[in-house]
Amino acid sequence: MRTILITGQGGTGRTTVAAATALRAAREGTRTLVLTADRTDTLGAVLGVPTGPDPVEAAPGLTAWRPDAAARFRDDLTAFQRRATTALDLLGASRLDAEEVTPLPGAEELALLRALRDAALSESYGLLVVDLPPAPQALALLALPEELRRYLRRLLPPERQAARALRPVLGRLAGVPMPAEWLYETAGRWDIELAAVQAVVEDRATTVRLVAEPGPAGTDAVRTAATALALRGLPVDSLVANRVLPGATNDAWLGALAAQQRKALDEWRETYAVHEVPHRGHDPRGTDDLVALPVPGVNTAPTPVEWPVIDRLADDGVLVWHIPLPGAIRDELDLIRRGDELVVTVGQSRRIVPLPSALRRCTVAGAALREGELRVRFAPDPGLWPREK
């Protein structure tokens, strides 16, 4: 199954582009699901068919789904209280009834991740189009599975489950109770669920489409988003320039705005595959309007993001890790080696990535940002590197 994640600048018609993309694929014969996490039914308004917690057919071959975050949050909290009965009783805690639970911030995003996983596992669709929040929130959402799994491994290491029989003894020796069995079971179940979501996000057939209006604000938003997506290893297969004004006009004000858009479009074409969607003079509503939008089709041969390690031992005595970071600025870049991990920070984005096995036996010898690519040099550690005989 192919997955297209659609995000970009806020207020630029991301949902409209997602719906038009899904409709085009469905009309071309691909069984398609379009998925959103909006609390309001923006997707339904665009498609002309109300959407909700149950998938609905929006057009032949096209299904639309807007998961109910509140219901899922209530179910999760109820299940948690049931599993933690003993601990809650010891604390004298009062149970929350399902009827009094309201979703916390972030519940919509978690519901979207689970729906994405469920859709992928169902194998009912050939294409999944995901209407993500604006880029800053979307990036945090896409990073969540990897980061939560890392936190779980640090806080509740799976290997410690092997000491189950020793826990009562260790608890008496330490004078404090050891983590309960249900805690490890819950962590294990969460890890499995998060791994399934992470597999969909990181799949080689998953791509991202950025939506922005041409102009200074759009240019800044695109650069920031593209760099952050590259840091997560997510390829941008196209940049959809939405609401593009016609170039020829007798109105001086519109002419100046169109000229500003053209300047941004020329800059974007130097880096991205740009697809222009003209301004329709009104907000598209219904399938007839969506069909008229010239959104790009599905890329049948996406190019995944690669982070290759180049062997330059013979020439320079180092291994060079190439990390593509288009749009990155040197002053916003920071690197920290932490054991077998590399902490990479670009502006407001940060990712902790495990080192490839060969680089774990090396020391960092320097780094440089060249042509939109971070190149980190590693020198073999004589104490760990195998010696030639």
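User: Which residue in β12 stands opposite L333?
Analyst: This is a predicted model, in which local features need pLDDT of at least 70, side-chain atom pairs count only at pLDDT 80 or more, and totals for chains, interfaces and linings use all residues. Residues are numbered from 1 along each chain as its sequence is written, and side-chain values use heavy atoms, leaving out hydrogens and water. Strand β12 (residues 341-346) pairs with β11 in the antiparallel sense over six bridges, where pairing requires that DSSP find at least two bridges, and strands (E, at least two residues) and helices (H or I, at least four) are DSSP runs numbered from the N terminus. The residue in β12 opposite L333 is V346.

User: Which are the edge strands of the open sheet?
Analyst: The sheet is formed by three strands with antiparallel pairing, in the order β11-β12-β13. Strands that each pair on one side only are β11 (333-338) and β13 (349-354).

User: At about what angle to β13 does helix α9 run?
Analyst: Helix α6 (residues 135-155) lies across β11, β12 and β13, at about 55 degrees to β13, with angles taken from 0 to 180 degrees between N-to-C directions of axes fitted to C-alpha atoms, for helices over the stretch in contact (heavy atoms within 4.5 Å). Helix α9 (residues 216-231) lies across β12 and β13, and its angle to β13 is about 15 degrees.
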